[in-house]
Amino acid sequence: MDRLAAKAPAMLHEDIVASVGRSIVGGEYPPGSTFTLEFLCSHFSVSRTVAREAMRILEKLGMVRSRRRVGIVVQAQEHWDAFNHAILEWQMEGPNHKEVLRDLNVLRIAVEPIAASLAATRDDQKLLPELEQASETMRRLKDPTGKASIEYVEADIAFHEILVQMSGNSFFMPYAQLTRPVLMFMTTRPKEFIYPSSTHCEDHYAVFEAISKGQASLAEKAMRIVVDEYREAVGIAQT
């Protein structure tokens with residue numbers, strides 16, 4: 001626990017959550033590792049109330065479990081809340097971020113084409129103007145050199161979040177929050193990942209058009225092209 005011992009005093013429970021969470025994700029505390037509230041109080045210079053609240057949050061995320069006469073026990077990854085923003089960010093800050101991104105993009109390939117197909121068949125199209133606006137913004141901000149500005153990425157994120165909402169499938173809804181950390185992370189690592197460009201924005205617009213015309217199979221096909229572009233971007237590393 002040397003990393004924890006080096007922390008400054010007067011920390012909030014959010015700081016402890018982030019510190020311990022990153023340490024668990026980074027493998028410093030493998031599944032089955034234990035520590036106590038007393039230890040956290042001592043090394044973070046906080047009260048039991050603050051330490052207990054931090055562990056309550058991590059327990060809610062599935063990362064630790066409190067056991068009587070044992071203390072705080074670190075849980076295996078399969079117990080974690082895989083869709084939680086904080087956990088995703090900690091994972092992508094770690095040494096295995098490429099594997100995490102690849103796994104997330106496999107999930108996108110499985111979900112988003114079906115979401116596009118469902119969106120095209122629904123009677124409720126109240127979010128269609130927002131989908132169009134996001135795709136039009138991407139077209140307007142397209143950079144001929146292939147670079148993606150923050151505004152472009154924000155429009156890209158909005159497009160995918162709206163698309164999942166338009167599917168009407170409640171089981172897809174938690175998935176929508178995965179898009180932001182994935183795409184924003186890719187933009188911060190240009191030497192590792194090539195953000196999709198060229199026909200990228202036009203492919204998004206093709207998805208919008210198919211949905212607006214109620215063409216489910218075409219929407220699914222167009223969306224598969226889009227998510228495959230992200231898969232290729234994650235799989236290509238700059239040297």
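A pocket here is found on a 1 Å grid over the protein atoms alone: it is an open set of points where a 1.4 Å probe fits, with protein on both sides within 12 Å along at least five of seven lines.

Lining residues have an atom within 4 Å of a point. The largest pocket has 25 of them, and Val 25, Gln 77, Trp 80, Gln 91 and Val 100 lie nearest its centre. The top contributor is α6, with five residues. By class, the lining holds 16 nonpolar, seven polar and two charged residues. Ala, Val, Leu, Ile, Met, Phe, Trp, Tyr, Cys and Pro count as nonpolar, Asp, Glu, Lys and Arg as charged, and the others, Gly among them, as polar.

Now the overall fold. The protein chain has eleven helices and three strands. Both are DSSP runs, numbered from the N terminus: helices are H or I with at least four residues, strands E with at least two. Along the sequence the order is α-α-β-α-α-β-β-α-α-α-α-α-α-α.

Of the 239 residues, 45% count as buried. Buried means under 20% relative accessible area, exposed over 50%, and partly exposed in between (1.4 Å probe, protein chains only).

The largest nonpolar core has 43 residues. Such a core is a set of buried Ala, Val, Leu, Ile, Met, Phe, Trp, Tyr and Cys residues joined through side-chain atoms within 4.5 Å. Leu 131, Leu 163, Met 166, Val 207, Ile 211 and Met 223 have the most contacts inside it. At least two residues each come from α5, α6, α7 (128-140), α8 (150-167), α9 (179-188), α10 (200-212) and α11 (216-235). The most come from α11, with nine.

Helix α3 spans residues 37-44, and Leu 37, Leu 40, Cys 41 and Phe 44 are buried in it. Seen down the axis, the buried residues of α3 fall within an arc of 100 degrees, so they line one face of the helix. The arc is taken from the directions from the helix axis to the C-beta atoms. Just after α3, Ser 45 takes a positive phi of about 55 degrees.

Cys 41 counts as buried because its relative accessibility is 14%. Cys 201 counts as buried at 1%. With a disulfide defined as a pair of cysteine sulfur atoms within 2.5 Å, the count is zero.

Residues are numbered from 1 along each chain as its sequence is written. In this predicted model, local features need pLDDT of at least 70, and side-chain atom pairs count only at pLDDT 80 or more, while totals for chains, interfaces and linings use all residues; side-chain values use heavy atoms, with hydrogens and water left out.
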